[in-house]
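Look first at the sequence and the structure shown here.

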Amino acid sequence: MKKIVTRFAPSPTGHLHIGGGRTAIFCWLLARHFGGEFRLRIEDTDATRSRQEYTDSILASMKWLGLDWDGDLTYQSKRLDIYNAYIDRFLETGHAYWCDCSPEEVEAMREEARAKGEKPRYNGKCRERGLTAGPGRVVRLRVPDEGRIVFDDMVKGPIAVDVSELDDMILRRTDGMPTYNMAVVVDDHEMGVTHVVRGDDHVSNTPKQILLYQALGFEVPTFGHVPMICGPDHQKLSKRHGARAVIEYEQDGLLPQALVNYLVRLGWSHGDQEIFSLKELVEFFDGNNLNTSPAAFDPEKLKWLNAYYLRNTPHDELAALVAPFLAKLGYEVPVEKIQSLLPMYFERAADLNALAQALTIYFKPAEEIVIEDKAMKALNEDGKHQLTVLHGLIAELPEFTAEALDVLLHDYVAKGGLKFKQVGPPLRSALTGLAGGPSVHDVMAALGREESLKRIERAAR
RNA sequence: GUCACCAUCGUCUAGCCGGCCUAGGACGGAGGCCUCUCAAGCCUCUAACACGGGUUCAAAUCCCGUUGGUGACGCCA
């Protein structure tokens with residue numbers, strides 16, 4: 001079988017969005033599954049909107065997601081000569097012609113068609129005028145008068161469109177730049193792309209591109225259009241839905257594997273399985289079992305997956321990942337110290353940022369511990385009384401360890417005929433300022449005797 | 001408006017070459033166990049085949065229509 005070549009072709013007009021990210025993952029997976037090649041191409045033919053910083057950002061996001069590409073990056077802006085050579089070929093073979101209609105004229109044609117209840121399109125005015133190159137002129141494709149374009153979509157199955165739906169699209173703009181469809185076809189052919197997997201929004205481009213392949217005598221690749229991702233309300237995806245650029249998820253403290261896992265399951269499935277390692281993904285993803293309908297983005301499920309991956313990350317790795325987030329909060333602390341606190345917190349946070357946030361109470365002085373409202377309740381009269389008594393006992397505890405503290409507290413409760421509820425919550429409020437969290441004996445052991453006593457005394461006042 | 005695509009719990013989905021489906025899993029939600037609390041974990045529950053016609057002994061599964069949704073219709077990609 002011929003080697004499979006896929007590609008991801010973003011345009012550097014913004015950061016890598018989750019929709020594009022998912023497409024990239026699918027393309028990468030398909031190539032890796034079949035031992036083929038995954039190529040990356042930057043579609044920067046729109047000079048006014050393309051920016052280098054976006055290219056850099058997209059590349060960084062690709063790396064973060066773990067999507068490595070084969071060969072060199074291809075920049076369309078550096079291939080103008082190639083496109084022009086092919087445009088000449090179109091002209092020479094009579095598949096294209098020069099047109100001097102102004103945008104306003106064309107717009108009028110579209111209006112006219114719309115008024116007649118037809119599809120808005122260019123009417124072919126310059127087809128037989130025999131125009132040659134000149135300023136203000138574009139090159140248009142001569143679309144066949146009749147026929148149907150049929151292709152077998154990898155995910156959607158057979159799709160047929162009548163050529164009467166297509167108009168004589170522009171191949172070369174007045175500024176000499178190729179249009180999207182033109183450049184894509186040339187590049188995909190020259191790069192040896194065998195499988196074009198892209199978003200659903202491109203289905204209507206496919207018949208146009210097939211026309212170009214045919215006119216050029218190129219072999220038509222396999223196309224696969226994955227459905228779009230929409231917001232939880234099934235509306236167009238927007239910031240309001242919490243669906244954003246990949247880079248933002250990185251900044252929020254998501255684990256790349258969680259995002260990949262989530263995105264891949266949005267539109268693809270492997271039976272009932274929810275959790276996939278990268279290795280399993282490569283093993284299972286063969287381009288089948290892709291869904292045909294648009295999927296709603298669900299931040300809750302992403303959160304759950306991230307928490308899952310967080311819990312299952314070895315603590316030395318996790319500590320290293322948390323460190324930069326703590327630093328961002330103003331706490332430069334040794335990774336070993338972070339790791340020592342992780343057993344108490346790794347099951348209690350949904351992302352690295354929240355995890356770092358939770359750890360800050362171990363690095364700030366007693367005076368900076370703010371007691372939240374919910375935690376105030378435990379610091380009633382009895383609570384403060386218990387804290388005062390406990391302060392003395394803890395100060396005299398011979399061996400200050402979590403185990404010894406646990407024994408001390410339970411002995412104290414048993415001897416006094418108390419309930420643990422009378423000592424646990426006030427201690428937690430005093431030590432952490434929070435109503436929930438790890439066992440109080442663990443917290444004290446982590447804080448150390450001196451700091452624990454300071455906080456208990458402060459809260460007992 | 002025209003064309004294309006799509007339609008299973010609130011969401012992601014399994015099932016879809018018809019019978020194994022009184023429709024399965026996961027997230028969320030509700031309740032419970034555990035427990036000093038919050039998580040985690042475990043258990044239980046919640047909730048769907050858009051509608052209408054066919055075809056058939058039998059339809060979530062096949063066909064047609066309706067409705068609804070998405071996308072496209074650029075000298076953007």
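In this predicted model, strand β5 (residues 138–141) pairs with strand β8 (residues 170–172) in the antiparallel sense, over two bridges. V139 stands opposite R172 in β8. β5 also has a partner in strand β4 (residues 96–99): these two run antiparallel and are joined by four bridges. Here the bridge partner of Y97 is R140 in β5. The side chains of β5 point two ways, V138 and R140 to one side and V139 and L141 to the other, and all of them are buried.

A parallel pairing is found between β9 and strand β10 (residues 222–226), with five bridges. Within this pair, V196 has F223 of β10 as its bridge partner. Strand β9 (residues 195–199) is mostly covered, with four of its five residues buried.

| Strands | Sense | Bridges |
|---|---|---|
| β5 and β8 | antiparallel | two bridges |
| β4 and β5 | antiparallel | four bridges |
| β9 and β10 | parallel | five bridges |

The largest nonpolar core has 80 residues, and I25, C27, L30 and V322 have the most contacts inside it. Helix α1 (residues 18–33) contributes the most to this core, giving nine residues. Apart from this core lies another, of 22 residues, which include Y83, V143, V185 and V186. What does C27 touch, leaving aside residues up to four places away in sequence? The contacts of C27 are T6, R7, F8, F38 and V197.

α10 has 13 residues, so at 1.5 Å a residue it should span 18 Å; its end C-alpha atoms are 18 Å apart, which agrees. Helix α15 (residues 381–396) has 16 residues, so by the rule of 1.5 Å a residue it should span 22 Å, and its end C-alpha atoms are 24 Å apart, which agrees.

Both helices have buried residues. In α10 these are L302, L305, N306, A307, Y309 and L310, and they pack against α8 (256–265). In α15 the residues G383, Q386, L387, L390 and I394 are buried. The elements that cover the buried residues of α15 include α17 and α19 (449–460).

RNA strand B is surrounded by 67 residues, of which the closest are E43, S293, G424, G436 and S439. Which helix gives the most to the surface near RNA strand B? That helix is α4, with four residues. The elements that each supply at least two residues of this surface are α4 (103–115), β7 (157–162), β12 (295–296), α10 (299–311) and α17 (424–432). By class, the surface near RNA strand B has 22 nonpolar, 22 polar and 23 charged residues.

D46 lies in the loop between β2 (37–42) and α2 (52–65). Is D46 buried, exposed or partly exposed? D46 has 15 other C-beta atoms within 10 Å, so it is partly exposed, as a residue counts as buried with 20 or more and as exposed with 12 or fewer. Not counting residues up to four places away in sequence, D46 touches S11 and T13. D46 and D272 are 226 residues apart in sequence and, C-alpha to C-alpha, 43 Å apart in space.

Conventions:
Residues numbered from 1 in each chain as written. Chains lettered and ligands numbered in written order. Predicted model: local features only at pLDDT ≥ 70, side-chain atom pairs only at ≥ 80, totals over all residues. Core = buried A, V, L, I, M, F, W, Y, C linked by C-beta atoms within 7 Å. Contact = placed C-beta atoms within 7 Å. Near = placed C-beta within 6 Å. Nonpolar A, V, L, I, M, F, W, Y, C, P; charged D, E, K, R; others polar. Expected span 1.5 Å × (residues − 1). Pairing = 2+ DSSP bridges.
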